[in-house]
Amino acid sequence: MTGLPLRKVDLHVHTAFSNFRHLKFLRARDSYNDPQRVYDRCREVGCDYVAITDHDTIDGALDLLSRRPELEPTVIIGEEVETFFPETGQWAHVNVLGVDEATHEDLNRVKGNIYELVPYLRSRNLLHFLNHPLQSFRMQKQPLRFVEDVLELFTHVEMGNGTLPPDQNRAAAGILEYGRRMGLTRFGVGGSDAHGLRPIGAFVTLAPGNDKRSWLASVAEGKCVVAGREIGLLELVGQAYGVVGRYYRHLGISAVRRRMTPVNYLAAAAFVPICLAGAPFFISLLSYLGTSRVSRVVSRSMRGPDLRTAVRSCAPPVPQEEPES
């Protein structure tokens, strides 16, 4: 690490522009954070730059900059891209930083296949990392094989996520350590994964950089550290109910009502007793416990004495000389 002061950024924050692929018949959003309030909250908790990383869109960051163009030097336009492992169908979320509108269009074309997305990001020298690496892993392949795939694809992995259980973050740190034991240079980053305002800053990444470009370059080089804490299950459940409550409050806004159809209103009405019966609590609980269990399994898989498989699959390929013509 250099002697320069470390600048702090929460690298995983959502706004009301985040797409929500579940429950589309409700026309619900993944977050109801206004981009301006996200910016203000990030600054309140001491962030030097503000990264907005909405699901599959950069509209939240663009909306903020359209209203406050003077903030451009401190706003990092990011995008949490949903992609898939084609051999298993497992989804994965890849955070990409330094995105512009042309890049966003390119991402839409290649994001369906993780083995096409990552080479594209490398070719553009875009800082990217795998978010919550085990949140979607449910033994679609052998745990150690999945760890090896992650290490082959990514130089940076989110090892500090504010909304996930500690077991997941420990396992993510273990994946990085496992890679280092294989002789691979791999780095960890952190972000809150905040869908409400309160968790913003729960985890942050610190790196030197007197402007956002030099800061991103420092992170890309691994000159960074992660600090923070998990918000815990109870606060996570509270955040889930907060999003539900804001969804129903937003139904009172005329612009929102114009986008609703009778089917959407019927679904919203039917969802009320489901929420009152505790659906957000049970969904959050099951996801939390499931991710914890899988994370422990993956951690155990990395403690085995036989590392030959990892050496074969994770070692950088040896360049082959072209035969003379």
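T103 touches Y120, R124 and L126, leaving aside residues up to four places away in sequence. That's a handy spot to start a tour of this structure, which is a predicted model.

**Around T103**

T103 sits in helix α3, which covers residues 101-110. Is T103 buried or exposed? It's buried, with a relative accessible area of 1%. One of its neighbours gets a polar contact too: the side chain of T103 pairs up with the side chain of R124 at 3.3 Å.

**Helix α5 and its two partners**

Now look at helix α5, residues 143-153. How many of its 11 residues are buried? The count is 9, so α5 is mostly covered, given that buried means under 20% relative accessible area. The buried ones are P143, L144, F146, V147, E148, D149, V150, L151 and L153.

One partner of α5 is helix α4, made of residues 114-123. The axes of α4 and α5 come within 11 Å and cross at roughly 30 degrees. Angles under 35 degrees count as roughly parallel, and therefore α4 and α5 are roughly parallel to each other. On the α4 side, the residues in the contact are I114, Y115, V118 and R122, and they meet D149, E152 and L153 of α5. Sorted by class, the residues of this contact come out as 4 nonpolar, no polar and 3 charged.

The other partner to look at is helix α6, residues 166-181. Here the axes are 10 Å apart, and the packing angle is about 75 degrees. That makes α5 roughly perpendicular to α6. From α5, the contact uses L144, V147, V150 and L151, while α6 brings I175, Y178 and G179. This contact has 6 nonpolar residues, 1 polar residue and no charged ones.

An α-helix has 3.6 residues a turn, so residues three or four places apart point the same way.

**Aromatic rings**

How many aromatic pairs turn up in a search of the whole structure? There are 6 of them. Take F85 and Y115: their ring centres are 6.0 Å apart and their planes are at 80 degrees, so this pair is edge-to-face. It joins distant parts of the chain, because F85 is in the loop between β3 (75-84) and β4 (91-97) and Y115 is in helix α4, 30 residues apart. F85 counts as buried at 1% relative accessibility, whereas Y115 counts as partly exposed at 35%.

The rings of F137 and F146 are arranged another way. Their centres are 4.5 Å apart and their planes are at 5 degrees, so the pair is stacked. Both F137 and F146 are buried. Ring pairs link F85, Y115, F137 and F146 into a cluster.

**A buried histidine**

H156 belongs to strand β6, residues 156-161. At 2% relative accessibility, H156 counts as buried. Its side chain makes a polar contact with the side chain of T155, at 2.8 Å. Skipping residues up to four places away in sequence, H156 touches L127, H128, F129, L130, F187, V189, V219, A220 and G222.

**An exposed serine**

To finish, go to S66 in helix α2, which spans residues 59-67. S66 is exposed, with a relative accessible area of 57%. A polar atom of the S66 side chain lies 2.7 Å from the backbone oxygen of D63.

Methods. Residues are numbered from 1 along each chain as its sequence is written. This is a predicted model: local features need pLDDT of at least 70, side-chain atom pairs count only at pLDDT 80 or more; totals for chains, interfaces and linings use all residues. Side-chain values use heavy atoms; hydrogens and water are left out. Axes are lines fitted to C-alpha atoms, for helices over the stretch in contact, and angles run from 0 to 180 degrees between N-to-C directions. Helices (H or I, at least four residues) and strands (E, at least two) are DSSP runs, numbered from the N terminus. Angles under 35 degrees count as roughly parallel, over 145 as roughly antiparallel, 65 to 115 as roughly perpendicular and the rest as oblique. Contact means heavy atoms within 4.5 Å. Ala, Val, Leu, Ile, Met, Phe, Trp, Tyr, Cys and Pro count as nonpolar, Asp, Glu, Lys and Arg as charged, and the others, Gly among them, as polar. Buried means under 20% relative accessible area, exposed over 50%, partly exposed in between (1.4 Å probe, protein chains only). A polar contact is a pair of N or O atoms within 3.5 Å; within protein, one must be able to donate a hydrogen and the other to accept it, and residues adjacent in sequence count only if both atoms are side-chain atoms. Rings of Phe, Tyr and Trp (its six-membered ring) pair if their centres lie within 6.5 Å; planes under 30 degrees apart count as stacked, over 60 as edge-to-face and the rest as tilted.
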